[in-house]
Amino acid sequence: MNFIDWIKQPWPWYVAGPLIGLMIPVLLIFGNKRFGVSSSLRHLCAACVPMKISFFKYDWKKEIWNLFFVGGILIGGMLTAFFLSNPNPVAIDPKLATELAGYGITNTEGLLPKELFNWENLLTIKGFILIVLGGFLVGFGTRYAGGCTSGHSIMGISNLQLPSLIATCCFMLGGFIVANIFIPLILKL
Amino acid sequence: MPTFSFHLFLNFDLKIMNTTTNTFRSTDLNTDFEVRTENSECVNYSVLDKPLLSNLKFTAAGILFGIILVKSEVISWFRIQEMFRLQSFHMYGVIGSAIVVGIISIFIIKKFKIRSIDGEEIHFDQKKFNRGQVYGGLLFGFGWALTGACPGPLFALIGSGFTVIIVTLLSAIAGTWVYGYVRVKLPH
């Protein structure tokens with residue numbers, strides 16, 4: 001197996017996790033920046049549609065590094081799709097696969113279930129809840145909580161901040177409730 | 001709406017590229033540091049006036065982060081469902097080991113007073129608890145389970161060719177905006 005084939009396989013957690021953790025010192029040493037992604041959404045609001053809202057009246061250009069960072073994430077996704085993508089379907093836990101098959105979701109070729117996340121589905125109730133409402137809650141919730149998985153769960157907890165631990169527990173609790181109680185109901189729609 | 005926003009954004013971008021000295025002293029800016037920080041994880045503590053293109057090193061870091069997000073499949077809706085159903089250790093392993101490396105890194109930076117490459121002192125802030133972390137945290141958890149993505153993966157998914165996620169990203173930006181609009185009325 002050559003290097004490219006080897007790197008194309010899905011990376012195990014003990015490779016990916018430590019590499020993600022290293023983003024913290026890299027950003028601190030590159031320019032005294034705190035690892036975090038969701039603030040970029042706020043900066044985009046401040047740059048494009050601040051209106052007269054005090055929450056968006058700040059010098060977003062001073063935070064522009066964050067927009068360069070998320071631009072990089074997008075390019076990274078693109079490079080991976082072009083050069084490093086895994087040719088095999090995503091390996092899914094058999095219990096989840098059986099459950100999803102019950103709702104007619106059998107295509108596991110990509111990272112997202114193609115039967116759910118596509119343009120045609122956007123105007124169905126199911127698609128609207130997953131794609132549009134879900135996105136809205138991500139944007140509203142992360143800003144209300146003051147951070148997301150990177151800013152609170154990884155950067156905040158690494159800096160031993162109790163509020164970040166509390167926020168992370170709430171992320172998980174919210175996810176547990178929706179994934180176990182609401183997702184089955186939504187997929188039946 | 002999307003084209004309009006991006007157009008404006010590009011314009012701003014060009015403007016600062018022309019005036020490399022970043023002198024921004026409009027009086028209507030929000031100068032209250034508390035308001036600015038309490039909701040922003042990544043407030044920029046660097047006081048240096050760096051040229052715009054020096055930010056490309058953060059793009060490089062972002063590219064690496066994006067590749068890791070895709071290759072470890074943490075951007076996968078399937079992986080997120082497994083995590084919330086306790087069917088797989090993968091996500092817990094990724095986040096847990098990232099935190100362990102983060103704790104060690106921050107400890108070393110504090111202990112040896114390591115400076116940034118520009119020679120600036122690196123300092124850390126203490127977060128204050130507010131109820132937003134509970135209410136907002138729950139709401140974000142709901143959204144995370146529905147979309148299978150937090151903000152970082154949204155960008156990585158779009159890059160990987162899942163174009164419909166552009167709608168999710170725009171919706172997330174709208175969510176952030178609505179939060180800013182109703183913020184003063186919400187319990188914190």
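## Before we start

This is a predicted model, so local features need pLDDT of at least 70 and side-chain atom pairs count only at pLDDT 80 or more, while totals for chains, interfaces and linings use all residues. Residues are numbered from 1 along each chain as its sequence is written, and chains are lettered from A, with ligands numbered from 1, in the order in which they are written.

## Chain A at a glance

Chain A has eight helices and zero strands. (Helices are DSSP runs of H or I with at least four residues, strands are runs of E with at least two, and both are numbered from the N terminus.) Read from the N terminus, the elements go α-α-α-α-α-α-α-α. Along its principal axes, the C-alpha trace of chain A spans about 50 × 45 × 35 Å.

Of the 189 residues in chain A, 54% count as buried. Buried here means that 20 or more other C-beta atoms lie within 10 Å of the residue's own; exposed means 12 or fewer, partly exposed is in between, and the C-beta atoms are placed from the backbone.

Two residues are in contact if their C-beta atoms, placed from the backbone, lie within 7 Å.

Nonpolar covers Ala, Val, Leu, Ile, Met, Phe, Trp, Tyr, Cys and Pro; charged covers Asp, Glu, Lys and Arg; the others, Gly among them, are polar.

## Where chain A meets chain B

How many residues of chain B are in contact with chain A? There are 121 of them, and they touch 123 residues of chain A. The elements of chain B that each supply at least two residues to this side include α1 (2-18), α3 (56-71) and α8 (165-182). Sorted by class, the chain B side has 66 nonpolar, 41 polar and 14 charged residues.

One residue to look up is Phe55(A), in the loop between α3 (39-48) and α4 (64-84) of chain A. Phe55(A) counts as buried because it has 23 C-beta neighbours inside 10 Å. Not counting residues up to four places away in sequence, Phe55(A) touches Gly180(B) and Arg183(B).

## A closer look at α8(B)

The 18 residues of α8(B) should span 26 Å at 1.5 Å a residue, and the end C-alpha atoms are 25 Å apart, which agrees. (The expected span is 1.5 Å times one less than the number of residues.) Among the buried residues of α8(B) are Ile165(B), Trp177(B) and Gly180(B). The buried residues of α8(B) pack against α3 and α6 (125-145) of chain A, together with α6 and α7 of chain B.

## Two loop residues with positive phi

Leu86(B) has a phi near 55 degrees, a positive value in a residue other than glycine. Leu86(B) sits in the loop between α4 (77-84) and α5 (90-111) of chain B, and counts as exposed because it has 12 C-beta neighbours inside 10 Å.

Lys113(B) also has a positive phi, near 45 degrees. Its place is the loop between α5 and α6 (132-147) of chain B. Is Lys113(B) buried or exposed? With 8 other C-beta atoms within 10 Å, Lys113(B) is exposed.
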